[in-house]
2 protein chains.
Amino acid sequence: MDDTHIGLAHGNGGRYMRELIDEIFARHLANPVLDVQADAALVELSASEILVTTDGFTVQPLEFPGGDIGSLCIQGTVNDLAVSGGLPLYLTINAFIEEGLEISLLDRLVASAARAAVEAGVRIVAGDTKVVRRGEGGGLYLATTGIGVRHGLARLGMARIRAGDRILVSGPVGDHGIAVMLAREQFGMRGDLCSDAASVLPFTRALADLEGLRFMRDPTRGGLATVCHEICRGAQVRITLLEHAIPVRDPVVSVCQMLGYDPLLLACEGRVVAVVAKRDASEVLARWRALPGGEQAALVGRIEAGQPLLVIETELGGRRVLEELEDEPLPRIC
Amino acid sequence: MDDTHIGLAHGNGGRYMRELIDEIFARHLANPVLDVQADAALVELSASEILVTTDGFTVQPLEFPGGDIGSLCIQGTVNDLAVSGGLPLYLTINAFIEEGLEISLLDRLVASAARAAVEAGVRIVAGDTKVVRRGEGGGLYLATTGIGVRHGLARLGMARIRAGDRILVSGPVGDHGIAVMLAREQFGMRGDLCSDAASVLPFTRALADLEGLRFMRDPTRGGLATVCHEICRGAQVRITLLEHAIPVRDPVVSVCQMLGYDPLLLACEGRVVAVVAKRDASEVLARWRALPGGEQAALVGRIEAGQPLLVIETELGGRRVLEELEDEPLPRIC
C-alpha cells in the first residue's frame, strides 16, 4: 500500500480495503483457520458446551507503557473467558478505524494483537474493518469476541458464594488505570509505571482443580471495588475489604493522593479477583505467589452474611462504607 | 434512568452503566442464555463444527427507511452465516456509544435489534458497552459476532466454482445503498424507497439440498460487482454479467443516473448472490421466486474460463470491463 494514512476508500469493500486486510490484518494474524475470503470461519470444538464473551476496547492513548489497544483487545477477552473457568480457543476482531489514522501505527497495533494471541494460545478466526470519517472516531476502536471451552469441571458463579468465604487478588491493583492516565499528555506527568495488562490464564488455570473455588472476575472498569459491589448485589452478601492488605504500588498511591482517586476504583487488565472457601485461601495464595507476576497476591477480604454492602476496614480498625461508582474519572481506560 | 442523553458515567462500570445495561440492553434482549452478570455465556451446541463470523456496523443515519443500525447488526451477521451454509444460533453485540446520544433513540435501536433477533431465531448471549467522548464517535457503532452450525452437508466455497456455472441474485440490487443515502439530509432528496435489509435465511435455506450449489455471498459493501470481483480472484475465473438481466428498481436507476453511481456497486443488505451449476439455475430461480421478496430473483451472469475479469454485457451485445471499486462514494452505508 502506498498510503501512509487511512482514507475512506480503505472501508469501501474494494481494492484498498482488500489491500489493508491482506497487508496488515491477514499478514499479522495469519493462522490455519483464518480465511479472509470467507464470510464465516469453520472451526472445530471438542465440547458440546462452549463459553462465549465479547468486549469493546477504546483505550486512549492507543499505545501506553506495558501495552496497547491491540494486545489489550486480546488479553481482555482471553481474561473474560479465563475467569469464567474457560480455556480460550478462538477470537474474532472488529476494527473501527478513523480516517487519518497512521497506517504504521495500525500495523504496530495489529502486530501486537497477533503476538498477544500467540502468547495466549488463541486463534483469530474472523474479522471485519470499518472506516469512519475524521471526527467520527477516536483513532481506533476494537471489539473482540472469544469462544472457549471449560477447562475445569466446576461451574463457577456468584450463586456459589457463601458467608465466610475469602476474597483474594492476584497482584497490585490500579497499575493499568494510572499507567494509561499518565500516558495522556494532558496530565503533564510521567512515570515508569507499566500497565498490568496481560493474560490471566496462568492464574485461573492454577486454581482449576480447587473445590473451594466459587467465583473469579478480572477487575477492569471500576476496579476491585466494583467487582465487590457486583458480588454484594449478585450473591446478596456483605463484603469487608482490609485496606492495608490490598497490594497497591507506591507510584499508584502517590498519583491517587495527588489527584484524589481511589485505587480500589482503578482498572486492572491483568489481575484476578477470586472468591474461595476459607479453607482454600492459603492454597490459592501459595499457588499464585509461585507464578511470575503473582508475588504480591494477597488475601484482601471476606464475605459476610448481611445486607449487600461494601465495608472498608482500615489498619487501625476503622470502618467506612464504599458506595458504588457514580461519576466517570477516566473515560477510555480500556 | 432519569437522564435523557448518554453521559460518560454510563461507561464507567458503576451504577449508571449497570442501569443502562439493565434497563435498555437486558430488558429488550432478554433470553434464557443471556446473563448480564456473567463474564462469559455458557451455550450448548449440537455439532462439533461451528461457523463463526463477525461484522461492524456504522450506518449513518442510525435509522433509515426499512431498518436501522439495530436490526441491521443482527441481519448482517445472520446473513454472513446464512450464505456460508450456516444456521445462526447465537450472537454477541458490542456497542460503542457517543456521549450525548439520545437514550430514547438507543432504546428504539436496541428494541429493533431484539425484534430482528427473534425473527431470525437467534439469541443474544453476550454484550458489552463502551461510552466515548462527544466528537469521538458517530452516535453509535455496533459490532456483532455470530455463531452457527451448518445446516446442509455441502461445504460451499469458491473452490467449487466451475466454468459454465450460473450466477443468480435473489432480488433487486442497490435498494439499501440508495435508501440510506436519501435518508441523509445533505442530499436534499426524498423518496419512498426502502432498504432491502432483512435476514436472507429463507433464501439460503431454500437451496440447502441443491447439489449444484457452489457458493453464496450477500452483496453488501461494494455491491454485486464486488462479489463478482471476489469470485474472479478467488476462483481464478472470468465472469460475464448480463446488464439487462440484473434487477434494479426504478428509483435506484433514477438516483444513480442523477448522481453518477453504478447500481452494481451499491450495497444490499437482504440479497443473496449464488453461484450454481448450470443445470440447477432454473430450480434456484423457481425456489427463490416462490418466497416473499424473491419475486424478482434473476439469473444475471455466468462463470467462464479465462483470466480473472468482470465483463458487463449490455442488452445490445456491447461489452465493457468493470474494474474493482477504488474510491469511496458512500461511507458508513452499513
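Turn chain B by 180°, shift it 0.0 Å along the axis, and it lands on chain A with an RMSD of 0.0 Å. That is how a two-fold axis relates two copies. Keep in mind that this is a predicted model. The two chains share about 6100 Å² of buried area, and 10 salt bridges are counted between them.

**Symmetry**

- On the chain B side, the residue that comes closest to the rotation axis is G137(B), with its C-alpha at 2.2 Å.
- Both copies use the same surface for the contact, as 100% of the contact residues of chain B turn up again in chain A.

**Contact residues and buried area**

- Chain B puts 75 residues into the contact, and chain A puts in 75 residues too.
- Carbon and sulfur atoms give 51% of the area buried between chain B and chain A.

**Salt bridges and polar contacts**

- Over all chains, the structure holds 44 salt bridges, and the count between chain B and chain A is 10.
- D39(B) shows up here as well, in a salt bridge with R217(A) whose closest N and O atoms are 2.8 Å apart.
- That pair crosses between chains: D39(B) sits in the loop between α1 (15–29) and β1 of chain B, while R217(A) belongs to strand β9 (residues 213–217) of chain A.
- Another salt bridge links the side chains of R18(B) and E324(A), at 2.8 Å from N to O.
- Looking at polar contacts across the interface of chain B and chain A, the rule picks out 42 residue pairs, with both residues at pLDDT 80 or more.
- Strand β2 (residues 49–57) of chain B gives the most to the side of chain B that touches chain A, namely 9 residues.
- Sorted by class, that side of chain B has 30 nonpolar, 22 polar and 23 charged residues.

**Strand pairing between the chains**

- Strand β2 (residues 49–57) of chain A and strand β1 (residues 41–44) of chain B run antiparallel and are joined by 4 bridges.

Conventions
Residues are numbered from 1 along each chain as its sequence is written. Chains are lettered from A and ligands numbered from 1 in the order in which they are written. This is a predicted model: local features need pLDDT of at least 70, side-chain atom pairs count only at pLDDT 80 or more; totals for chains, interfaces and linings use all residues. Side-chain values use heavy atoms; hydrogens and water are left out. Copies are superposed by least squares on the C-alpha atoms of residues with pLDDT of at least 70 in both. Contact means heavy atoms within 4.5 Å. Buried area is the accessible area (1.4 Å probe) that two parts lose on being put together, summed over both. A salt bridge is a side-chain nitrogen of Lys or Arg within 4 Å of a carboxyl oxygen of Asp or Glu. A polar contact is a pair of N or O atoms within 3.5 Å; within protein, one must be able to donate a hydrogen and the other to accept it, and residues adjacent in sequence count only if both atoms are side-chain atoms. Helices (H or I, at least four residues) and strands (E, at least two) are DSSP runs, numbered from the N terminus. Ala, Val, Leu, Ile, Met, Phe, Trp, Tyr, Cys and Pro count as nonpolar, Asp, Glu, Lys and Arg as charged, and the others, Gly among them, as polar. Two strands pair if DSSP finds at least two bridges between them.
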